[in-house]
Structure formats: structure tokens, C-alpha cells
Amino acid sequence: MMWGRWRFMRAYLINLCSQTESVRVNGVAAFRGEVERALALGAEYLVLHPGSWKGLTREEGLRLAAESIEKAIDGVPWQGKDFKILIENTAGAEFSLGGKLEQVAELVERLKACAPVGVCLDTCHVHVAGYDLVSPDGYVETMLLVKDTVGFDAVKVWHCNDAKAAMGSKLDRHEHIGEGTIGAEVFRRLLHDERFGHAVFIAETPVDAPGMRQEMLGCCGRWLRGSLVSYFDCGLASGSSLR
């Protein structure tokens with residue numbers, strides 16, 4: 001997947017904090033392969049969902065996720081490369097690691113000494129996990145939490161997705177931007193937030209009709225006027241982007 005000067009890869013089906021050792025071992029091997037492919041392609045970012053700690057404690061899940069990532073990259077020549085593993089926040093399902101910003105921050109902190117790490121935030125996940133992006137006061141409060149947990153500079157990528165489900169529902173269902181329970185105004189606000197002028201913005205909304213991707217790019221282009229955002233793309237298909 002390539003847009004502009006960035007390459008992105010994603011590792012979403014790997015569970016690095018499973019209670020089952022064989023699942024973790026297979027996950028480590030699979031993630032190592034993802035890292036090796038990302039480096040071979042010159043990818044700048046590899047986005048990761050750490051997995052589910054069902055059957056364990058939250059603390060055990062964090063420890064196993066950190067240990068698994070460290071094992072996966074052991075001996076892989078990432079040093080000196082423009083490459084980061086981005087821990088993505090999740091929708092807040094009961095045992096899903098990363099449903100709270102504090103969990104993302106703690107995992108990143110545990111990995112800093114041994115891995116090139118940063119953060120990817122997903123607007124749908126933030127919303128359905130129970131963080132308020134919609135009201136002006138809620139947006140301010142949520143961004144203060146981002147600052148106090150992961151930190152603005154660590155957020156390298158925003159996945160911009162509206163949500164089919166309500167805030168706090170824990171249901172990860174993406175909707176077209178402006179047509180869900182988040183609403184277009186939040187994305188205008190986010191794209192003009194100078195604290196994320198360094199970040200890359202990607203929409204993962206459905207492209208389920210001819211011309212929909214270009215239509216969404218047109219909408220986003222209007223929202224981007226006057227912002228500091230250098231890059232925005234819609235969907236996973238190849239084609240035009242806003243840079």
C-alpha cells in the first residue's frame with residue numbers, strides 16, 4: 001500500500017498477548033515477518049493492534065505484548081532506518097489491549113528502550129471507546145488526555161473514520177465521514193489542529209460505490225483549506241491523494 005512518499009503496512013490479526021503460548025509464538029513469528037517485509041519495502045510505518053489479553057490480567061497482557069514485540073524484532077536490522085512500529089488504539093472491547101489511551105502509552109513506554117515505536121490513533125476507536133471528540137469541550141478534554149498519555153509528537157498517523165455506533169459502545173464499525181455518530185465537524189476540527197501538523201491522515205471508510213473515493217477526497221480537500229496537514233488519503237485502493 002503506497003501513497004505519496006509514505007508506505008504503510010498493518011498487522012491486525014496477530015495476537016501478541018494471548019494467554020495461549022502457541023498463539024503468542026506464532027504471533028511473534030508472523031509479526032517478525034511483517035517487520036522484515038516492511039523494512040524490505042522501505043515502509044515508514046507498521047501499524048499494530050497488540051491483541052487480546054482474555055484470561056489474563058491487564059498487567060500480564062501489557063507485559064506479554066511488550067515481550068513479544070521485543071522478541072519479534074530481535075536481530076532484525078531496523079536501527080538507522082526511517083521506520084516505526086505504531087501502536088494503534090482499539091475500540092475498547094473488554095480484553096482488547098489499547099482500548100484506553102493509558103494502555104497505549106504504557107506499552108509504548110515499555111518498548112522505547114528496545115524498539116522504534118510511535119502511535120496511531122483511530123477516530124472511530126477513540127469515539128466508541130468512550131472519549132468525547134464531538135462536543136467542543138469534550139474535544140478539548142480528550143486532547144488533553146492525548147497530551148498527558150501518549151503525547152502529541154508520538155502520534156504519527158490518524159485513521160479518520162466516522163462511526164456507525166454510539167460513543168462508548170465499544171463497537172468498531174466504520175462509517176463514511178460526516179454520515180455517522182461523530183460527524184463532519186470533528187474532522188474539520190482535527191485537520192486544523194496544529195498539534196497534529198506533522199501527522200499523516202488516512203480514511204479507512206468503505207469505498208462501496210463508483211466515484212465514492214474521489215467524492216470523499218473532494219470533501220476532505222475543502223476541509224483542509226487553511227490547515228497545516230501535509231497528507232490525507234481515502235480508502236485502501238491506489239489513486240489520487242491530497243498532499
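Colleague: Which hand does the crossing of H2 and H3 have?

Modeller: The crossing of H2 and H3 is right-handed. A crossing is right-handed if the near helix is turned clockwise from the far one by less than a right angle, left-handed if anticlockwise. Helices here are DSSP runs of H or I, at least four residues, and strands are runs of E, at least two, numbered from the N terminus.

Colleague: What's the geometry of H2 against H3?

Modeller: Their axes come within 10 Å and cross at roughly 40°. That makes H2 oblique to H3. Angles under 35 degrees count as roughly parallel, over 145 as roughly antiparallel, 65 to 115 as roughly perpendicular, and the rest as oblique. Axes are lines fitted to C-alpha atoms, for helices over the stretch in contact, with angles from 0 to 180 degrees between N-to-C directions.

Colleague: Which residues make the contact?

Modeller: From H2, Arg58, Glu59, Leu62, Arg63, Ala65, Ala66, Ile69 and Glu70. From H3, Gln103, Glu106, Leu107, Arg110 and Leu111. Contact means heavy atoms within 4.5 Å.

Colleague: Before we go on, what are the ground rules?

Modeller: This is a predicted model, so local features need pLDDT of at least 70 and side-chain atom pairs count only at pLDDT 80 or more, while totals for chains, interfaces and linings use all residues. Numbering starts from 1 along each chain as its sequence is written, and side-chain values use heavy atoms, with hydrogens and water left out.

Colleague: OK. How do H1 and H2 cross?

Modeller: The axes of H1 and H2 come within 8 Å and cross at roughly 50°. H1 and H2 are therefore oblique to each other. H1 passes H2 in a right-handed crossing. H1 brings Arg24, Val28, Phe31, Arg32 and Val35 to the contact. H2 brings Leu64, Ser68, Ile69, Lys71, Ala72 and Ile73.

Colleague: What span should H2 have, and what does the model give?

Modeller: H2 has 16 residues, 58-73, so at 1.5 Å a residue it should span 22 Å. Its end C-alpha atoms are 23 Å apart, which agrees. The expected span is 1.5 Å times one less than the number of residues.

Colleague: Which residues of H2 are buried?

Modeller: Gly61, Leu62, Leu64, Ala65, Ala66, Ser68, Ile69, Ala72 and Ile73. Buried means under 20% relative accessible area, exposed over 50%, partly exposed in between (1.4 Å probe, protein chains only). What covers the buried residues of H2 includes H1, strands E3 (45-48) and E4 (84-88), and helix H3 (101-111).

Colleague: What comes after each helix?

Modeller: Just after H1, glycine 42 has a positive phi of about 75°. H2 is followed by glycine 75, with a positive phi near 85°.

Colleague: Which residue other than glycine has a positive phi?

Modeller: Lysine 170 has one, near 70°. Most residues other than glycine have a negative phi. Lysine 170 lies in the loop between strand E7 (162-163) and strand E8 (174-175). Lysine 170 is partly exposed, at 36% relative accessible area.

Colleague: Switching to the core. Which residues touch the most other members of the largest one?

Modeller: Phe31, Ile85, Met143, Val146, Trp158 and Phe196, out of 63 residues in the largest nonpolar core. H2 gives the most to this core, with 7 residues. Apart from it lies another core, of 7 residues, among them Tyr45, Leu86, Cys120 and Val200. A nonpolar core is a set of buried Ala, Val, Leu, Ile, Met, Phe, Trp, Tyr and Cys residues joined through side-chain atoms within 4.5 Å.

Colleague: What does phenylalanine 196 touch?

Modeller: Met143, Val146, Phe152, Val155, Trp158, Leu190 and Phe201, not counting residues up to four places away in sequence.

Colleague: Is leucine 101 buried or exposed?

Modeller: Leucine 101 is buried, at 2% relative accessibility. Its place is in helix H3. Leaving aside neighbours within four places in sequence, leucine 101 is in contact with Leu121, Tyr131, Leu145, Val146, Thr149 and Val150. The C-alpha atoms of leucine 101 and leucine 145 are separated by 7.7 Å, though they are 44 residues apart along the chain.
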